[in-house]
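Here is a short briefing on the structure shown below. Read it with the model open.

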Amino acid sequence: CDAAGRLVGLVRGSTLFERQAIELTAQAGTMVGVEKEERLGTPWKRSLRSRHPWLQLNLLTAFIAAAVVGIFESTIDRIVVLAVFLPVLAGQSGNTGCQALAVTLRAMTLGELQKGRERAAVMKEALLGVLNGSMVGVTAGAGMFVYASMQDNPAALTLGFVVLVAMTGACVISGVSGVLVPVTLKRLGADPATASSIFLTTATDVASMGLFLLLATLLV
């Protein structure tokens, strides 16, 4: 209907359902730089044009994470066992951030995340980060203790504690970032789902590996 309430056309329910299905299936792709219109039969040249810029951006953000690790190169040379647990920290915090991101995007799509409710969402994800991070951190810390003990490292217990604290802190930062990244993109006038995971991955990698190596440098 138009503004005056006069009927101007009809839309079948099946058409609305099809459109909604397209929107839902496209959301996962937009998070990693795939345009909503791309299908299996989309020409490869068009796919290349739409995907490649985001891959270049992802490479740039990966350099940032690599630079953080490079700062602590001397620490890794001194305590080689740290290198084994870097992907563990990055992977776990990345999953935590993706969980928060998925819930936030869903809330935005359904209109649940109204202005003023961002603080509550951030506090919830921070709490979940503390709880999940500490519980996972205990397991990871025990793994570090066992592995370091097998390597006859005299600081095995301290290294286990470092993993516990770093895992907890990284999960908190990742969960909060999972809310702040799409909210920030929306406030900047961009699609909240567009390449959110790229920016989130940068935040989680820098937080997890940076915090882990910093604590190891200070305590071991």
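**Briefing: helix packing and selected sites**

Just after helix H4, Gly111 adopts a positive phi of about 75 degrees. The model is predicted. The protein chain holds 7 helices and 0 strands. From the N terminus, its elements read α-α-α-α-α-α-α.

**Chain overview**

- Of the 220 residues in the protein chain, 39% are buried.
- Take the contacts between residues at least 6 apart in sequence: 76% of them join residues at least 24 apart.

**Helix H4**

- H4 covers residues 81-109.
- Its 29 residues reach 43 Å from the first C-alpha to the last. That is close to the 42 Å expected at 1.5 Å a residue.
- Gly111, with its positive phi, comes just after this helix.

**H4 against H7**

- H7 spans residues 196-219.
- The axes of H4 and H7 come within 8 Å. They cross at roughly 140 degrees.
- Angles over 145 degrees would count as roughly antiparallel. H4 and H7 are therefore oblique to each other.
- The crossing of H4 past H7 is right-handed.
- On the H4 side, the contact residues are Leu82, Phe85, Leu86, Leu89, Ala90, Ser93, Gly94, Gly97, Cys98 and Leu101.
- On the H7 side, they are Ser196, Ser197, Leu200, Thr204, Asp205, Ser208, Met209, Phe212, Leu213 and Ala216.
- By class, this contact has 12 nonpolar, 7 polar and 1 charged residues.
- An α-helix has 3.6 residues a turn, so residues three or four places apart point the same way.

**Gln99 in H4**

- Gln99 lies in helix H4.
- Its relative accessibility is 52%. Exposed means over 50%, so Gln99 counts as exposed.
- The C-alpha atoms of Gln99 and Gly175 are separated by 7.7 Å. Along the chain, these two residues are 76 residues apart.

**Glu118 in H5**

- Glu118 is found in helix H5, which runs over residues 118-150.
- Its relative accessible area is 16%. Buried means under 20%, so Glu118 is buried.
- Leaving aside residues up to four places away in sequence, Glu118 touches Leu113, Val179, Val183 and Arg187.

Key
Residues are numbered from 1 along each chain as its sequence is written. This is a predicted model: local features need pLDDT of at least 70, side-chain atom pairs count only at pLDDT 80 or more; totals for chains, interfaces and linings use all residues. Side-chain values use heavy atoms; hydrogens and water are left out. Axes are lines fitted to C-alpha atoms, for helices over the stretch in contact, and angles run from 0 to 180 degrees between N-to-C directions. Helices (H or I, at least four residues) and strands (E, at least two) are DSSP runs, numbered from the N terminus. Angles under 35 degrees count as roughly parallel, over 145 as roughly antiparallel, 65 to 115 as roughly perpendicular and the rest as oblique. A crossing is left-handed if the near helix is turned anticlockwise from the far one by less than a right angle, and right-handed if clockwise. Contact means heavy atoms within 4.5 Å. Ala, Val, Leu, Ile, Met, Phe, Trp, Tyr, Cys and Pro count as nonpolar, Asp, Glu, Lys and Arg as charged, and the others, Gly among them, as polar. The expected span of a helix is 1.5 Å times one less than its number of residues. Buried means under 20% relative accessible area, exposed over 50%, partly exposed in between (1.4 Å probe, protein chains only).
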